[in-house]
Amino acid sequence: MLRICLDCGMEVPLCHPECPKCDARLSTQSDGSVLHLDIAHHGETVAMAMSLLQQALEEAVQTPAQALRVVVGGGRIRDEVEAYLAYLQHSGELVGYGQEAGNRGAFILVLKP
Ligand SMILES: [Zn+2]
């Protein structure tokens with residue numbers, strides 16, 4: 001999983017506390033950062049994709065990220081993810097979610113109000 005450095009725009013693996021390009025302390029960047037995850041374009045089954053999503057969500061809520069962008073493709077994974085997100089929002093575990101503007105193959109998950 002990657003996050004975007006707010007200072008320079010570089011995609012940096014989540015395990016890096018500092019941006020390797022501009023040395024910004026990523027842990028102090030909290031406003032509006034968006035994590036990115038693709039669960040549909042490496043041959044994943046629906047079960048694998050859902051497992052990846054659940055694991056990523058657990059990690060994402062521990063970061064300062066405001067949102068998680070999940071690429072789901074256009075097939076069964078998308079349908080399963082949409083149902084799961086509806087459940088999470090209904091149960092209060094997710095602030096909100098929506099389809100990415102103009103892109104049916106990705107969802108934006110809002111992690112923080
Ligand atoms: Zn940077």
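Modeller: E3 and strand E4 (residues 67-71) pair in the parallel sense over five bridges. Residues are numbered from 1 along each chain as its sequence is written. The model is predicted, local features need pLDDT of at least 70, side-chain atom pairs count only at pLDDT 80 or more, and totals for chains, interfaces and linings use all residues.

Colleague: What makes E3 and E4 a pair?

Modeller: Two strands pair if DSSP finds at least two bridges between them. E3 and E4 have five bridges. Leu35 stands opposite Leu68 in E4. The elements themselves are DSSP runs numbered from the N terminus: helices are H or I with at least four residues, strands are E with at least two.

Colleague: How do you know that strand E1 pairs with E3?

Modeller: E1 (residues 2-4) and E3 share two bridges, in the antiparallel sense. The definition asks for at least two, so they count as paired. Leu2 faces His36 of E3.

Colleague: And which residue of E6 is the bridge partner of Leu68?

Modeller: Leu109. E4 and strand E6 (residues 103-110) pair in the antiparallel sense over five bridges.

Colleague: What is the order of the strands in the sheet?

Modeller: E2-E1-E3-E4-E6-E5, an open sheet of six strands with mixed pairing.

Colleague: Why are E2 and E5 said to stand at the edges?

Modeller: Strand E2 (11-13) and strand E5 (96-100) each have a single partner strand, so one side of each lacks a neighbour in the sheet. Neighbouring strands are turned by 30 degrees against each other on average, direction ignored.

Colleague: What makes E3, H1 and E4 a right-handed unit?

Modeller: E3, helix H1 (residues 46-60) and E4 form a β-α-β unit with that hand. The term applies if, with the strands pointing away from the viewer, the path from the first strand over the helix to the second runs clockwise. H1 lies across E3 and E4, at about 160 degrees to E4. Such angles run from 0 to 180 degrees between N-to-C directions, with axes fitted to C-alpha atoms, for helices over the stretch in contact.

Colleague: Why is Ala47 called exposed?

Modeller: Ala47 is in helix H1. A residue is exposed if 12 or fewer other C-beta atoms, placed from the backbone, lie within 10 Å of its own, buried if 20 or more do, and partly exposed in between. Ala47 has 10 such neighbours, so it counts as exposed.

Colleague: Then why is Glu80 only partly exposed?

Modeller: Glu80 lies in helix H2. Its count is 16, so it falls in between.

Colleague: What is Glu80 in contact with, its neighbours within four places in sequence left aside?

Modeller: Val46 and Met50. Contact requires C-beta atoms, placed from the backbone, within 7 Å.

Colleague: How do you know that the buried residues of H1 are on the same side?

Modeller: They are Ala49, Leu53, Leu57 and Ala60. They cover an arc of only 70 degrees around the axis, which puts them on the same side of H1. The arc is that of the directions from the helix axis to the C-beta atoms. Their cover includes E3, E4 and H2. The face turned away carries the exposed residues Ala47, Gln54, Gln55 and Glu58.

Technical notes. Two residues are in contact if their C-beta atoms, placed from the backbone, lie within 7 Å.
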